[in-house]
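Q: Could you walk me through how to read the nonpolar cores and the sheet in a model like this?

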Amino acid sequence: MNKEAMLFRDEGEMGDVLSEAKRLLEETRALEENIQSQRESIDEYREHVEDARCLQAIKELIGEEVEDIKDVVAGMVNEWNEKKNQLEKEEEEIAMQQQAILEREQKIENRTNEFETEQRERMNKELQNISQLSANVEEQLAGIEKTKNAVDNILTEDTEAIRDRLLSKEDVEFLRLNYFSLMQSRLASKRVVNPLTGEEYGGEDWKIDVEKEELIAKITKGVIRERISVGFEIKFIVPEDEEGFVYRKTGKEISDVITGFIQTNDKNSFNALTLVSPTGWSEWVIDKVKNIRNMNNSVYLVDLSEREVFFNDGNKKTKLFAEWFVPVSMEEEITDMIAKLEEEIEGGVLQFRADKVASKYQVPRKIVMSAFREMVEEEKGEIISPEEGAKDILLVVR
Amino acid sequence: MEKLKEKIIPGYDYRVKKNRLNSDRAVRDKLSRELKKSYNTLKEVSDLAYKDGRRDVVEHIKDILNTIDLFRNEIENATYGLSPLFKQDKVSDEALDRMVEFDKNLFDELEVITKATDLVYDYVLKGETSDIILQIRKVKRSVDSLRNIFSDRADFLIKKTDGGGVT
(Lines give C-alpha, C1' and ligand atoms only; values in the text may rest on other atoms or scores of the structure.)
Protein backbone atom coordinates (compact mmCIF):
# COMPACT_ATOMS: atom_id res chain seq x y z
CA MET A 1 0.00 0.00 0.00
CA ASN A 2 1.26 3.45 -0.87
CA LYS A 3 1.94 5.55 2.11
CA GLU A 4 0.98 9.30 1.76
CA ALA A 5 3.77 11.85 2.36
CA MET A 6 3.34 13.91 5.43
CA LEU A 7 5.69 16.81 4.67
CA PHE A 8 7.11 16.15 1.25
CA ARG A 9 3.83 16.86 -0.43
CA ASP A 10 5.35 18.95 -3.17
CA GLU A 11 2.64 21.59 -2.82
CA GLY A 12 4.89 24.33 -3.92
CA GLU A 13 8.43 25.34 -4.62
CA MET A 14 10.90 26.62 -2.10
CA GLY A 15 12.36 29.09 -4.57
CA ASP A 16 15.99 30.11 -4.32
CA VAL A 17 16.69 29.51 -0.63
CA LEU A 18 20.20 30.92 -0.92
CA SER A 19 18.97 34.19 -2.42
CA GLU A 20 16.16 34.32 0.10
CA ALA A 21 18.62 33.61 2.88
CA LYS A 22 20.87 36.41 1.66
CA ARG A 23 17.90 38.78 1.42
CA LEU A 24 16.70 37.83 4.86
CA LEU A 25 20.17 38.30 6.24
CA GLU A 26 20.43 41.70 4.61
CA GLU A 27 17.01 42.60 5.96
CA THR A 28 18.07 41.32 9.32
CA ARG A 29 21.24 43.37 9.14
CA ALA A 30 19.28 46.38 8.04
CA LEU A 31 16.85 45.80 10.87
CA GLU A 32 19.68 45.38 13.28
CA GLU A 33 21.27 48.54 12.01
CA ASN A 34 17.92 50.25 12.25
CA ILE A 35 17.41 48.88 15.74
CA GLN A 36 20.91 49.95 16.60
CA SER A 37 20.32 53.41 15.27
CA GLN A 38 16.99 53.54 17.05
CA ARG A 39 18.67 52.35 20.21
CA GLU A 40 21.22 55.04 19.77
CA SER A 41 18.42 57.51 19.09
CA ILE A 42 16.59 56.24 22.15
CA ASP A 43 19.73 56.47 24.19
CA GLU A 44 20.28 59.96 22.87
CA TYR A 45 16.65 60.82 23.51
CA ARG A 46 16.98 59.30 26.96
CA GLU A 47 20.01 61.43 27.57
CA HIS A 48 18.04 64.43 26.33
CA VAL A 49 15.16 63.52 28.58
CA GLU A 50 17.52 63.01 31.46
CA ASP A 51 19.12 66.35 30.72
CA ALA A 52 15.71 67.91 30.40
CA ARG A 53 14.64 66.39 33.69
CA CYS A 54 17.79 67.58 35.33
CA LEU A 55 17.32 70.99 33.82
CA GLN A 56 13.72 71.00 34.96
CA ALA A 57 14.76 69.94 38.43
CA ILE A 58 17.49 72.57 38.44
CA LYS A 59 15.04 75.16 37.18
CA GLU A 60 12.57 74.23 39.87
CA LEU A 61 15.27 74.37 42.49
CA ILE A 62 16.62 77.60 41.09
CA GLY A 63 13.10 78.95 40.65
CA GLU A 64 12.49 78.87 44.38
CA GLU A 65 15.83 80.39 45.07
CA VAL A 66 15.28 82.90 42.27
CA GLU A 67 11.99 83.95 43.83
CA ASP A 68 13.71 84.39 47.16
CA ILE A 69 16.59 86.19 45.52
CA LYS A 70 14.11 88.32 43.55
CA ASP A 71 12.45 89.33 46.81
CA VAL A 72 15.83 90.07 48.36
CA VAL A 73 16.96 91.92 45.25
CA ALA A 74 13.68 93.86 45.14
CA GLY A 75 14.19 94.80 48.78
CA MET A 76 17.76 95.77 48.09
CA VAL A 77 16.67 97.76 45.02
CA ASN A 78 14.07 99.61 47.08
CA GLU A 79 16.57 100.25 49.82
CA TRP A 80 19.11 101.30 47.21
CA ASN A 81 16.62 103.64 45.58
CA GLU A 82 15.72 105.15 48.95
CA LYS A 83 19.37 105.63 49.81
CA LYS A 84 20.03 106.94 46.33
CA ASN A 85 17.24 109.49 46.68
CA GLN A 86 18.52 110.40 50.11
CA LEU A 87 22.04 110.72 48.77
CA GLU A 88 20.80 112.84 45.86
CA LYS A 89 19.07 115.15 48.34
CA GLU A 90 22.20 115.28 50.44
CA GLU A 91 24.24 115.94 47.32
CA GLU A 92 21.94 118.81 46.42
CA GLU A 93 22.25 120.20 49.93
CA ILE A 94 26.02 119.77 49.83
CA ALA A 95 26.12 121.45 46.42
CA MET A 96 24.14 124.36 47.84
CA GLN A 97 26.42 124.51 50.85
CA GLN A 98 29.44 124.32 48.57
CA GLN A 99 28.02 127.16 46.50
CA ALA A 100 27.50 129.20 49.66
CA ILE A 101 31.00 128.35 50.82
CA LEU A 102 32.40 129.32 47.43
CA GLU A 103 30.56 132.64 47.59
CA ARG A 104 31.88 133.24 51.09
CA GLU A 105 35.35 132.21 50.03
CA GLN A 106 35.08 134.60 47.10
CA LYS A 107 34.06 137.40 49.45
CA ILE A 108 36.85 136.52 51.86
CA GLU A 109 39.30 136.34 49.00
CA ASN A 110 38.16 139.75 47.77
CA ARG A 111 38.50 141.16 51.25
CA THR A 112 41.84 139.46 51.66
CA ASN A 113 43.01 140.88 48.35
CA GLU A 114 41.84 144.34 49.34
CA PHE A 115 43.47 143.96 52.72
CA GLU A 116 46.64 142.63 51.13
CA THR A 117 46.68 145.54 48.71
CA GLU A 118 46.22 147.99 51.57
CA GLN A 119 48.81 146.14 53.60
CA ARG A 120 51.20 146.19 50.68
CA GLU A 121 50.73 149.89 50.21
CA ARG A 122 51.24 150.44 53.92
CA MET A 123 54.18 148.11 53.92
CA ASN A 124 55.67 149.90 50.93
CA LYS A 125 55.27 153.20 52.70
CA GLU A 126 56.67 151.73 55.89
CA LEU A 127 59.49 150.18 53.93
CA GLN A 128 60.21 153.51 52.30
CA ASN A 129 60.17 155.17 55.70
CA ILE A 130 62.31 152.41 57.11
CA SER A 131 64.65 152.71 54.15
CA GLN A 132 64.88 156.40 54.71
CA LEU A 133 65.36 155.90 58.43
CA SER A 134 67.84 153.17 57.70
CA ALA A 135 69.72 155.50 55.40
CA ASN A 136 69.65 158.19 58.07
CA VAL A 137 70.72 155.73 60.72
CA GLU A 138 73.44 154.47 58.45
CA GLU A 139 74.59 158.01 57.90
CA GLN A 140 74.49 158.64 61.63
CA LEU A 141 76.22 155.35 62.27
CA ALA A 142 78.83 156.30 59.72
CA GLY A 143 79.22 159.60 61.52
CA ILE A 144 79.37 157.84 64.88
CA GLU A 145 81.81 155.38 63.45
CA LYS A 146 83.98 158.23 62.24
CA THR A 147 83.71 159.89 65.63
CA LYS A 148 84.43 156.61 67.34
CA ASN A 149 87.41 156.06 65.13
CA ALA A 150 88.58 159.58 65.82
CA VAL A 151 88.03 159.03 69.55
CA ASP A 152 89.80 155.69 69.34
CA ASN A 153 92.66 157.35 67.55
CA ILE A 154 92.76 160.12 70.11
CA LEU A 155 92.52 157.63 72.91
CA THR A 156 95.21 155.50 71.38
CA GLU A 157 97.50 158.38 70.65
CA ASP A 158 96.86 160.40 73.78
CA THR A 159 96.55 157.74 76.41
CA GLU A 160 99.34 159.33 78.25
CA ALA A 161 97.90 162.80 77.70
CA ILE A 162 94.58 161.65 79.20
CA ARG A 163 96.50 160.06 81.98
CA ASP A 164 98.10 163.43 82.56
CA ARG A 165 94.65 164.93 83.13
CA LEU A 166 93.77 162.30 85.69
CA LEU A 167 95.07 162.89 89.16
CA SER A 168 95.62 160.15 91.63
CA LYS A 169 95.02 160.71 95.33
CA GLU A 170 98.77 160.92 95.78
CA ASP A 171 99.00 163.58 93.06
CA VAL A 172 96.29 165.60 94.82
CA GLU A 173 98.07 165.27 98.11
CA PHE A 174 101.38 166.42 96.55
CA LEU A 175 99.61 169.40 95.02
CA ARG A 176 98.03 170.32 98.36
CA LEU A 177 101.28 170.00 100.25
CA ASN A 178 103.22 171.98 97.65
CA TYR A 179 100.59 174.73 97.47
CA PHE A 180 100.22 175.05 101.23
CA SER A 181 104.04 175.09 101.51
CA LEU A 182 104.21 177.82 98.86
CA MET A 183 101.57 179.88 100.67
CA GLN A 184 103.33 179.54 104.01
CA SER A 185 106.61 180.71 102.54
CA ARG A 186 104.94 183.66 100.76
CA LEU A 187 103.01 184.76 103.87
CA ALA A 188 106.17 184.62 105.92
CA SER A 189 108.17 186.66 103.44
CA LYS A 190 105.68 189.44 102.62
CA ARG A 191 104.46 192.52 104.39
CA VAL A 192 100.74 193.04 104.34
CA VAL A 193 98.51 196.13 104.57
CA ASN A 194 94.88 196.00 105.59
CA PRO A 195 93.22 197.71 102.65
CA LEU A 196 90.33 198.77 104.86
CA THR A 197 92.25 200.41 107.66
CA GLY A 198 95.67 200.94 106.10
CA GLU A 199 97.31 199.06 108.99
CA GLU A 200 100.57 197.45 107.96
CA TYR A 201 101.95 194.18 109.29
CA GLY A 202 105.15 192.21 108.83
CA GLY A 203 105.51 188.56 107.91
CA GLU A 204 106.03 187.60 111.51
CA ASP A 205 102.54 188.87 112.45
CA TRP A 206 100.78 186.00 110.69
CA LYS A 207 99.26 183.26 112.70
CA ILE A 208 99.10 180.29 110.38
CA ASP A 209 97.06 177.22 111.15
CA VAL A 210 97.33 174.32 108.71
CA GLU A 211 94.72 171.62 108.88
CA LYS A 212 93.93 168.67 106.64
CA GLU A 213 92.00 170.53 103.98
CA GLU A 214 92.60 174.17 104.78
CA LEU A 215 95.18 176.72 105.72
CA ILE A 216 94.04 179.63 107.86
CA ALA A 217 96.33 182.64 108.12
CA LYS A 218 95.25 185.62 110.12
CA ILE A 219 96.64 188.76 111.69
CA THR A 220 94.86 189.84 114.83
CA LYS A 221 94.92 193.00 116.95
CA GLY A 222 93.57 194.07 120.35
CA VAL A 223 94.35 192.60 123.73
CA ILE A 224 91.12 192.48 125.62
CA ARG A 225 89.08 191.75 122.57
CA GLU A 226 90.98 190.11 119.81
CA ARG A 227 89.84 191.06 116.33
CA ILE A 228 91.04 189.88 112.97
CA SER A 229 92.59 192.63 110.89
CA VAL A 230 93.58 190.47 107.91
CA GLY A 231 92.51 186.86 107.45
CA PHE A 232 93.18 184.46 104.63
CA GLU A 233 91.26 181.20 104.57
CA ILE A 234 92.65 178.82 101.99
CA LYS A 235 90.50 175.73 101.38
CA PHE A 236 91.66 172.81 99.30
CA ILE A 237 88.60 171.44 97.47
CA VAL A 238 88.93 167.96 96.04
CA PRO A 239 86.12 166.70 93.82
CA GLU A 240 84.80 163.22 94.24
CA ASP A 241 87.15 160.58 92.87
CA GLU A 242 86.26 157.93 90.36
CA GLU A 243 87.96 154.59 90.84
CA GLY A 244 90.73 156.35 92.76
CA PHE A 245 91.26 159.10 90.15
CA VAL A 246 90.23 162.75 90.35
CA TYR A 247 89.45 164.58 87.14
CA ARG A 248 86.11 166.45 87.48
CA LYS A 249 86.13 170.17 87.69
CA THR A 250 84.68 171.66 90.86
CA GLY A 251 81.38 173.53 90.43
CA LYS A 252 78.16 174.36 92.17
CA GLU A 253 78.88 172.21 95.20
CA ILE A 254 81.01 174.98 96.72
CA SER A 255 78.42 177.72 96.23
CA ASP A 256 77.27 177.35 99.89
CA VAL A 257 80.84 177.82 101.09
CA ILE A 258 81.19 181.04 99.09
CA THR A 259 77.76 182.33 100.14
CA GLY A 260 78.46 181.65 103.79
CA PHE A 261 81.81 183.45 103.58
CA ILE A 262 80.40 186.58 101.90
CA GLN A 263 77.65 186.94 104.46
CA THR A 264 80.15 187.38 107.34
CA ASN A 265 81.03 191.06 107.38
CA ASP A 266 83.29 193.09 109.67
CA LYS A 267 83.98 196.59 108.40
CA ASN A 268 87.57 196.81 109.74
CA SER A 269 88.54 193.25 109.01
CA PHE A 270 89.70 192.21 105.57
CA ASN A 271 89.12 188.54 104.87
CA ALA A 272 89.95 186.53 101.80
CA LEU A 273 88.60 183.08 100.88
CA THR A 274 90.82 181.15 98.51
CA LEU A 275 89.39 177.97 97.11
CA VAL A 276 92.00 175.73 95.55
CA SER A 277 91.06 172.95 93.11
CA PRO A 278 93.57 170.46 91.73
CA THR A 279 91.35 169.92 88.67
CA GLY A 280 90.05 173.42 87.95
CA TRP A 281 86.68 175.13 88.15
CA SER A 282 83.49 175.08 86.18
CA GLU A 283 82.53 178.07 84.09
CA TRP A 284 79.53 178.71 86.28
CA VAL A 285 81.61 179.10 89.48
CA ILE A 286 84.26 181.20 87.75
CA ASP A 287 81.56 183.53 86.44
CA LYS A 288 80.00 183.85 89.90
CA VAL A 289 83.31 184.62 91.58
CA LYS A 290 84.28 187.16 88.97
CA ASN A 291 81.12 189.09 89.73
CA ILE A 292 81.16 189.06 93.53
CA ARG A 293 80.94 192.57 94.95
CA ASN A 294 81.72 192.87 98.62
CA MET A 295 83.38 195.78 100.37
CA ASN A 296 85.46 193.84 102.83
CA ASN A 297 85.83 190.26 101.60
CA SER A 298 87.49 188.80 98.55
CA VAL A 299 87.09 185.41 96.95
CA TYR A 300 89.70 183.69 94.79
CA LEU A 301 89.55 180.50 92.82
CA VAL A 302 92.89 178.81 92.23
CA ASP A 303 93.15 176.28 89.40
CA LEU A 304 96.22 174.11 90.09
CA SER A 305 95.78 172.17 86.84
CA GLU A 306 96.14 175.30 84.68
CA ARG A 307 98.06 177.36 87.26
CA GLU A 308 95.50 180.17 87.08
CA VAL A 309 93.66 182.40 89.60
CA PHE A 310 90.11 183.70 89.03
CA PHE A 311 88.72 186.66 90.94
CA ASN A 312 86.77 189.89 90.52
CA ASP A 313 89.43 192.00 88.93
CA GLY A 314 87.09 195.00 89.09
CA ASN A 315 87.58 195.14 92.86
CA LYS A 316 90.80 196.91 93.79
CA LYS A 317 91.19 195.23 97.14
CA THR A 318 90.69 191.83 95.59
CA LYS A 319 93.04 192.56 92.74
CA LEU A 320 95.66 193.75 95.23
CA PHE A 321 96.05 190.32 96.81
CA ALA A 322 95.59 188.16 93.72
CA GLU A 323 99.30 187.83 93.18
CA TRP A 324 99.62 186.18 96.59
CA PHE A 325 97.68 183.07 95.51
CA VAL A 326 99.13 182.43 92.08
CA PRO A 327 100.64 178.90 92.10
CA VAL A 328 104.08 178.10 90.84
CA SER A 329 103.93 177.92 87.07
CA MET A 330 104.15 174.59 85.28
CA GLU A 331 107.27 175.64 83.46
CA GLU A 332 109.03 176.41 86.75
CA GLU A 333 108.10 173.04 88.21
CA ILE A 334 109.22 171.22 85.06
CA THR A 335 112.50 173.08 85.00
CA ASP A 336 112.99 172.27 88.66
CA MET A 337 112.23 168.62 87.96
CA ILE A 338 114.68 168.47 85.07
CA ALA A 339 117.36 169.99 87.27
CA LYS A 340 116.82 167.35 89.94
CA LEU A 341 116.93 164.52 87.36
CA GLU A 342 120.14 165.88 85.85
CA GLU A 343 121.66 165.96 89.31
CA GLU A 344 120.85 162.28 89.67
CA ILE A 345 122.26 161.52 86.21
CA GLU A 346 125.45 163.17 87.26
CA GLY A 347 125.35 160.96 90.36
CA GLY A 348 125.35 157.89 88.07
CA VAL A 349 121.65 157.09 87.69
CA LEU A 350 120.96 155.94 84.11
CA GLN A 351 117.19 155.36 84.09
CA PHE A 352 114.13 156.83 85.85
CA ARG A 353 110.68 155.32 86.33
CA ALA A 354 107.85 157.89 86.22
CA ASP A 355 105.87 156.63 89.25
CA LYS A 356 108.97 156.35 91.41
CA VAL A 357 110.20 159.85 90.46
CA ALA A 358 106.76 161.36 91.24
CA SER A 359 106.72 159.62 94.62
CA LYS A 360 110.26 160.53 95.44
CA TYR A 361 109.95 164.25 94.71
CA GLN A 362 106.27 164.51 95.63
CA VAL A 363 105.21 166.10 92.38
CA PRO A 364 102.31 165.22 90.14
CA ARG A 365 102.99 162.64 87.48
CA LYS A 366 102.21 165.28 84.87
CA ILE A 367 105.32 167.26 85.91
CA VAL A 368 107.49 164.14 85.74
CA MET A 369 106.22 163.21 82.28
CA SER A 370 106.68 166.73 81.01
CA ALA A 371 110.24 166.69 82.34
CA PHE A 372 110.85 163.32 80.61
CA ARG A 373 109.55 164.66 77.29
CA GLU A 374 111.68 167.80 77.42
CA MET A 375 114.76 165.71 78.17
CA VAL A 376 113.91 163.45 75.19
CA GLU A 377 113.51 166.54 73.00
CA GLU A 378 116.92 167.69 74.18
CA GLU A 379 118.17 164.19 73.25
CA LYS A 380 119.27 163.49 76.79
CA GLY A 381 117.31 160.27 77.01
CA GLU A 382 114.79 157.95 75.47
CA ILE A 383 111.30 156.93 76.67
CA ILE A 384 110.34 153.24 76.92
CA SER A 385 106.60 152.69 77.23
CA PRO A 386 104.89 149.85 79.18
CA GLU A 387 103.87 148.31 75.80
CA GLU A 388 107.55 147.62 75.27
CA GLY A 389 107.83 145.65 78.51
CA ALA A 390 108.45 148.29 81.23
CA LYS A 391 106.33 148.35 84.39
CA ASP A 392 105.82 152.09 83.94
CA ILE A 393 107.19 154.70 81.59
CA LEU A 394 110.97 154.73 81.77
CA LEU A 395 113.41 157.46 80.84
CA VAL A 396 116.64 155.82 79.80
CA VAL A 397 119.62 158.14 79.75
CA ARG A 398 121.77 158.20 76.61
CA MET B 1 36.27 44.08 12.18
CA GLU B 2 33.88 45.18 14.89
CA LYS B 3 31.21 42.80 13.63
CA LEU B 4 33.68 39.94 13.56
CA LYS B 5 34.64 40.78 17.06
CA GLU B 6 31.00 40.58 18.07
CA LYS B 7 30.64 37.20 16.44
CA ILE B 8 33.85 35.62 17.51
CA ILE B 9 34.50 37.28 20.81
CA PRO B 10 36.18 36.89 23.06
CA GLY B 11 39.80 37.18 21.94
CA TYR B 12 39.55 38.17 18.25
CA ASP B 13 42.72 40.24 17.70
CA TYR B 14 45.53 39.50 15.24
CA ARG B 15 47.53 42.64 16.06
CA VAL B 16 49.24 41.10 19.10
CA LYS B 17 51.26 37.96 18.61
CA LYS B 18 50.05 36.14 21.70
CA ASN B 19 46.37 36.62 20.66
CA ARG B 20 46.74 35.46 17.07
CA LEU B 21 46.52 31.68 17.68
CA ASN B 22 43.53 32.16 19.99
CA SER B 23 41.81 34.32 17.40
CA ASP B 24 42.31 31.64 14.75
CA ARG B 25 41.01 28.98 17.15
CA ALA B 26 37.95 31.10 17.91
CA VAL B 27 37.21 31.51 14.18
CA ARG B 28 37.49 27.83 13.57
CA ASP B 29 35.35 26.91 16.61
CA LYS B 30 32.66 29.28 15.40
CA LEU B 31 32.74 27.75 11.90
CA SER B 32 32.53 24.25 13.28
CA ARG B 33 29.64 25.02 15.63
CA GLU B 34 27.59 26.83 12.99
CA LEU B 35 28.23 24.06 10.47
CA LYS B 36 27.15 21.55 13.10
CA LYS B 37 23.83 23.44 13.43
CA SER B 38 23.29 23.26 9.66
CA TYR B 39 24.33 19.64 9.75
CA ASN B 40 21.70 18.83 12.41
CA THR B 41 18.98 20.78 10.56
CA LEU B 42 19.70 18.97 7.31
CA LYS B 43 19.87 15.63 9.17
CA GLU B 44 16.37 16.38 10.50
CA VAL B 45 15.14 17.10 6.97
CA SER B 46 16.80 13.86 5.82
CA ASP B 47 14.98 11.89 8.51
CA LEU B 48 11.63 13.47 7.52
CA ALA B 49 12.34 12.68 3.85
CA TYR B 50 13.17 9.11 4.79
CA LYS B 51 9.87 8.77 6.65
CA ASP B 52 8.02 10.15 3.66
CA GLY B 53 9.83 7.67 1.47
CA ARG B 54 11.81 10.21 -0.42
CA ARG B 55 14.96 8.19 -0.91
CA ASP B 56 16.25 10.65 -3.53
CA VAL B 57 16.15 13.55 -1.17
CA VAL B 58 17.87 11.47 1.53
CA GLU B 59 20.66 10.63 -0.88
CA HIS B 60 21.29 14.27 -1.78
CA ILE B 61 21.21 15.39 1.82
CA LYS B 62 23.59 12.56 2.71
CA ASP B 63 26.00 13.91 0.16
CA ILE B 64 26.01 17.42 1.72
CA LEU B 65 26.17 15.98 5.23
CA ASN B 66 29.30 14.06 4.30
CA THR B 67 30.82 17.19 2.85
CA ILE B 68 30.05 19.15 6.07
CA ASP B 69 31.51 16.35 8.14
CA LEU B 70 34.72 16.33 6.19
CA PHE B 71 34.90 20.10 6.31
CA ARG B 72 34.44 20.18 10.06
CA ASN B 73 37.22 17.64 10.43
CA GLU B 74 39.49 19.87 8.37
CA ILE B 75 38.53 22.85 10.44
CA GLU B 76 39.02 21.23 13.80
CA ASN B 77 42.21 19.41 12.93
CA ALA B 78 44.01 22.12 11.05
CA THR B 79 47.33 23.10 12.71
CA TYR B 80 49.08 26.33 11.80
CA GLY B 81 51.60 26.43 14.64
CA LEU B 82 54.50 26.82 12.22
CA SER B 83 52.84 29.63 10.32
CA PRO B 84 54.96 32.85 10.28
CA LEU B 85 51.82 34.70 11.31
CA PHE B 86 51.87 33.04 14.70
CA LYS B 87 55.66 32.89 15.14
CA GLN B 88 56.81 36.38 14.14
CA ASP B 89 56.49 39.36 16.41
CA LYS B 90 56.04 41.88 13.65
CA VAL B 91 53.45 41.18 10.94
CA SER B 92 52.62 43.61 8.17
CA ASP B 93 49.29 45.43 8.26
CA GLU B 94 48.47 44.10 4.76
CA ALA B 95 48.79 40.50 6.00
CA LEU B 96 46.55 41.21 8.98
CA ASP B 97 43.98 42.92 6.74
CA ARG B 98 44.02 39.89 4.47
CA MET B 99 43.39 37.55 7.41
CA VAL B 100 40.46 39.62 8.57
CA GLU B 101 39.06 39.67 5.04
CA PHE B 102 39.27 35.86 4.88
CA ASP B 103 37.46 35.54 8.18
CA LYS B 104 34.78 38.03 7.11
CA ASN B 105 34.12 36.10 3.88
CA LEU B 106 33.95 32.82 5.85
CA PHE B 107 31.31 34.15 8.24
CA ASP B 108 29.29 35.83 5.47
CA GLU B 109 29.07 32.52 3.61
CA LEU B 110 28.48 30.58 6.80
CA GLU B 111 25.51 32.81 7.69
CA VAL B 112 23.96 32.20 4.26
CA ILE B 113 24.35 28.45 4.66
CA THR B 114 22.86 28.46 8.13
CA LYS B 115 19.91 30.61 7.05
CA ALA B 116 19.34 28.57 3.87
CA THR B 117 19.23 25.27 5.78
CA ASP B 118 16.70 26.83 8.17
CA LEU B 119 14.58 27.94 5.18
CA VAL B 120 14.73 24.44 3.69
CA TYR B 121 13.45 23.04 6.93
CA ASP B 122 10.67 25.66 7.09
CA TYR B 123 9.55 24.87 3.53
CA VAL B 124 9.55 21.16 4.30
CA LEU B 125 7.28 21.85 7.25
CA LYS B 126 4.98 23.78 4.95
CA GLY B 127 4.94 20.90 2.35
CA GLU B 128 6.48 23.05 -0.38
CA THR B 129 9.14 20.57 -1.40
CA SER B 130 8.82 20.26 -5.14
CA ASP B 131 12.28 21.76 -5.82
CA ILE B 132 14.01 20.57 -2.61
CA ILE B 133 16.73 18.60 -4.39
CA LEU B 134 17.67 21.67 -6.38
CA GLN B 135 17.87 23.79 -3.26
CA ILE B 136 19.90 21.11 -1.43
CA ARG B 137 22.38 21.19 -4.29
CA LYS B 138 22.63 24.94 -4.04
CA VAL B 139 23.32 24.71 -0.34
CA LYS B 140 25.92 22.01 -1.11
CA ARG B 141 27.58 24.39 -3.54
CA SER B 142 27.61 27.14 -0.94
CA VAL B 143 29.27 24.77 1.53
CA ASP B 144 31.85 23.98 -1.11
CA SER B 145 32.43 27.67 -1.60
CA LEU B 146 32.91 28.07 2.15
CA ARG B 147 35.36 25.19 2.11
CA ASN B 148 37.30 26.86 -0.69
CA ILE B 149 37.54 30.11 1.24
CA PHE B 150 38.83 28.21 4.28
CA SER B 151 41.29 26.40 2.06
CA ASP B 152 42.56 29.72 0.61
CA ARG B 153 42.92 31.03 4.15
CA ALA B 154 44.95 27.96 5.12
CA ASP B 155 47.11 28.43 2.06
CA PHE B 156 47.71 32.07 3.04
CA LEU B 157 48.78 31.02 6.53
CA ILE B 158 51.29 28.41 5.40
CA LYS B 159 52.75 30.44 2.55
CA LYS B 160 55.90 30.94 4.55
CA THR B 161 56.73 27.26 4.41
CA ASP B 162 56.48 27.47 0.65
CA GLY B 163 59.06 30.25 0.46
CA GLY B 164 56.50 33.12 0.58
CA GLY B 165 55.94 35.27 3.65
CA VAL B 166 53.32 37.10 5.43
CA THR B 167 55.38 40.02 6.48
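A: Gladly, starting with a term. A nonpolar core is a set of buried Ala, Val, Leu, Ile, Met, Phe, Trp, Tyr and Cys residues joined through side-chain atoms within 4.5 Å, where buried means under 20% relative accessible area with a 1.4 Å probe, protein chains only. This is a predicted model, in which local features need pLDDT of at least 70 and side-chain atom pairs count only at pLDDT 80 or more, while totals for chains, interfaces and linings use all residues. Side-chain values use heavy atoms, without hydrogens and water.

Q: Which residues touch the most other members of the largest nonpolar core?

A: In general, nonpolar side chains of soluble globular proteins tend to be buried together. Here the largest core has 52 residues, and F8(A), V124(B) and I132(B) touch the most other members. Helix 5 (93-126) of chain B gives the largest share, 15 residues. The contacts of I132(B), leaving out residues up to four places away in sequence, include F8(A), M14(A) and V124(B); contact means heavy atoms within 4.5 Å. Another core, of 31 residues, lies apart and has L167(A) and I234(A) among its members.

Q: What is the strand order in the open sheet?

A: Strands are DSSP E runs of at least two residues, and helices are H or I runs of at least four, numbered from the N terminus. Two strands pair if DSSP finds at least two bridges between them. In chain A the order is 11-13-12, with antiparallel pairing. Strand 11 (351-353) and strand 12 (381-384) of chain A are at the edges with a single partner strand each, so one side of each has no neighbour in the sheet. Strand 11 and strand 13 (residues 394-397) of chain A share three bridges, and Q351(A) has V396(A) as its bridge partner.

Key
Residues are numbered from 1 along each chain as its sequence is written. Chains are lettered from A and ligands numbered from 1 in the order in which they are written. Buried means under 20% relative accessible area, exposed over 50%, partly exposed in between (1.4 Å probe, protein chains only).
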